[in-house]
Amino acid sequence: MRELTSTLLDAQKQATAVPYVRVEAANMIGGVVRLDWTRLYTGSESDYFHALAMPADGSLIRARITPPADSRKLYRQRIASPGPGSDFSQWTYTGQYNTVVVAAAALGTEVSIFWINTAREVRRIKSTDSGVSWGSPELLDYSPTTAIYGIAAAYKPGGDLALFFADQSTLYVKKCIGGQWQSKVAWDKTTGDLSGVAVVYDGDFALMVTGKDASGNFKLWSLLHGDGAAVTAGTWSALLELAAAPSGGAFEYRQPFLVKTGVFRCFFIEKYTGEEAYSRPFRSQAISGTGFADGLWREPVPFNLSSEYGLAMAHDNDYAWLSGPAGVWRAPLAALTLDLTDDVISLRQECSETGGSLTVELRNDDGRYSVLGQGDLSVLDIGRRIEFSPGYITSAGSESSAGLSYILESFDHVSAGGKAGLVLRAVDRWTALSDWKARHQFRWNRTSDDTNVLGIIRFVLARAGLGLAVRSQSAAMTGFYPDFTISPGDSGREVIRKLLSFVPDVIFLEGNVACLVNPLASDSAVYSYGDGHQVFEGTYRRGAMKTNRVQVEGLGDGLILAESFTWDQIDRLYDRLQQVGDRDIDSVSEAQQRGQACLRQSEIESEGGSILVPVNCGQQLYDVVALTDPRAGLDAVNKRVMGIVLGYYPRRGEYRQRLDLGAV
Amino acid sequence: MKFRKAELKSFSSGSYTATVRLAGSYKVYLEDVTVARNLPAAEMVAGRRLAVLFFDDHSPGEAVVVAVYT
């Protein structure tokens with residue numbers, strides 16, 4: 001149950017209380033601001049290597065290299081106050097040519113542009129006035145070869161910086177500490193040739209790397225070079241795969257760029273060399289609330305552009321920026337909300353084990369909601385977030401319980417009988433899970449136990465943009481490593497339900513987070529009804545278990561068999577057998593765990609019914625509540641909440657919740 | 001239980017297993033899929049189409065290549 005203030009708890013238990021239903025629209029996605037990109041510049045510059053940085057004065061520093069046919073000249077550009085009226089077409093030639101790759105980084109008023117040329121020279125020019133003037137080129141080092149396809153740099157807050165460059169199959173880091181450049185250091189990985197690198201400093205150096213693995217498969221990896229936060233200073237984390245394509249196939253990845261605006265966001269190029277070939281930027285973002293080291297990213301989606309060299313990213317306080325040689329985009333970073341509370345005519349919220357929805361009717365008698373998605377109503381549009389917080393007017397004022405959010409799926413303008421209204425129909429993130437479809441094969445634990453059920457669930461949730469909060473978990477959740485695959489077209493919802501069938505645990509979704517719960521028969525009640533909090537009506541069903549005996553057979557080498565029983569049900573009803581076969585079960589204890597999980601589910605479902613109560617603002621799915629209803633002979637009997645329907649109809653004076661019940 | 005269409009990428013006559021590309025999976029192949037012993041090894045030519053039977057949709061260890069065609 002969500003935590004409530006004492007005054008809100010008191011208010012919801014009163015015989016009469018004044019509802020307060022807070023509804024807002026927000027430009028959020030996945031817990032962070034949704035970036036709505038607007039293209040500010042379309043030029044004719046050739047698509048080739050480029051870079052972007054933003055010093056503290058908000059100016060935009062761009063750099064680009066011309067193609068080999070134009071001698072690979074290095075140009076730079078400074079736009080003092082970038083905006084829709086800026087001229088992004090004016091470039092300054094640096095006098096450098098035969099440059100191979102380029103990178104840029106900024107801290108405060110200091111900006112550095114790095115490049116490597118065909119003489120293998122690693123060079124830099126530096127500005128200390130936000131790119132207004134530049135010093136002479138410095139020679140920092142030499143690269144082993146000119147087979148350099150990736151370079152990136154990032155400052156630390158104190159002014160030290162690190163330059164990363166990929167030379168054939170080796171990623172090098174060269175640091176500048178206290179103004180002194182150190183010797184370059186190679187990473188400790190064995191791969192094939194690399195094709196790109198991006199970096200952001202966030203306590204460690206967070207990197208995205210593209211290239212081939214040792215077998216020639218194309219990869220997009222995340223990687224940390226430690227600076228003492230999540231990874232020991234000077235060491236490298238393991239490579240975590242974000243995207244992969246087989247050797248000899250038609251797909252490859254290259255030119256990643258990385259930025260952190262609330263969460264890490266990346267762009268990279270997916271190149272397809274088959275018929276109808278394309279080279280297109282894809283974007284993804286890390287899951288809010290996770291660390292870079294967790295490697296949990298939303299499913300990458302294409303960006304409407306054809307490009308071989310990607311889109312560099314940077315940001316200031318107000319905007320995120322994207323840049324290529326011939327294009328500039330920006331997206332506001334401000335979190336926008338629109339308070340709809342005062343216009344709510346009615347509201348219905350439904351929450352079940354496998355889905356949830358919110359329907360809100362707003363007054364529109366003066367046409368205030370006639371045109372959505374524009375002007376003041378820009379945040380009220382399909383795909384935007386609708387936040388709902390049930391509450392009451394309490395002695396402390398208007399109080400509500402936040403945390404419930406939905407995505408606007410559709411809306412209806414209603415006009416009838418001299419009245420006008422707007423009906424918003426929003427869905428919870430089960431729909432996002434259903435909408436996520438695997439676009440290629442995934443497989444875990446083929447040759448070794450590398451990812452348990454919890455890890456696979458976390459991965460699938462992340463692909464759909466959801467984080468995972470573990471409230472409680474079973475041993476099977478972390479101890480079972482199935483040889484598990486997801487095939488193209490499988491939906492996230494289906495996959496999650498399959499994974500949950502291995503364990504007694506359940507999940508419920510609130511906002512952008514899936515909460516994992518292991519419902520135990522010994523769970524204590526977190527709230528009471530009928531003893532302080534009124535029960536308007538109730539029905540209480542107690543039935544037989546659909547399954548009271550489970551045979552679990554491991555189908556691997558050698559027979560593994562375990563049976564689980566609910567004896568009192570068998571004594572009463574004879575046996576109701578469920579047989580489960582799973583070749584991933586390779587021990588009796590795993591078979592017993594599976595059998596107990598099946599019986600547990602059957603036990604919870606054996607009880608049913610519902611109660612109608614004044615709204616409990618903090619009620620959550622799978623909470624255990626103590627129920628007192630003398631008319632039905634119940635005295636503080638524990639039940640589990642299996643579904644919630646909330647109705648707010650002020651014209652009828654209704655503000656109620658119906659709670660579906662199951663056994664504890 | 002589900003049938004899925006696939007393309008044969010490689011075949012091991014020793015272990016009688018195949019690496020296949022399931023229809024729609026352009027970037028990732030499924031490895032070590034058991035091949036029915038009634039299929040002649042000589043017919044398992046890379047590029048040919050396959051029918052793969054999944055006794056359990058998500059358990060590749062219980063998938064079997066049951067037909068090769070084209």
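Me: What makes up the domains of chain A?
Reply: An automatic or database domain assignment sets the bounds, and for chain A it gives domain 1 (1-33 + 336-428 + 525-543 + 606-664), domain 2 (44-332), domain 3 (432-510) and domain 4 (545-600). This is a predicted model, where local features need pLDDT of at least 70, side-chain atom pairs count only at pLDDT 80 or more, and totals for chains, interfaces and linings use all residues. Residues are numbered from 1 along each chain as its sequence is written, chains are lettered from A and ligands numbered from 1 in the order in which they are written, and side-chain values use heavy atoms, leaving out hydrogens and water.

Me: How do you know that domain 3 of chain A and domain 4 of chain A are in contact?
Reply: Contact means heavy atoms within 4.5 Å, and 10 residues of domain 3 of chain A are in contact with 7 residues of domain 4 of chain A.

Me: What is the area buried between domain 3 of chain A and domain 4 of chain A?
Reply: About 650 Å², with 53% given by carbon and sulfur atoms. Buried area is the accessible area (1.4 Å probe) that two parts lose on being put together, summed over both. On the side of domain 3 of chain A, Phe480(A), Phe502(A) and Pro504(A) lose the most area, together 55% of what that side buries.

Me: Why does Cys176(A) count as buried?
Reply: Buried means under 20% relative accessible area, exposed over 50%, partly exposed in between (1.4 Å probe, protein chains only). Cys176(A) has 6% relative accessibility, so Cys176(A) counts as buried.

Me: What makes Cys617(A) buried?
Reply: Its relative accessible area is 0%, so Cys617(A) is buried too.
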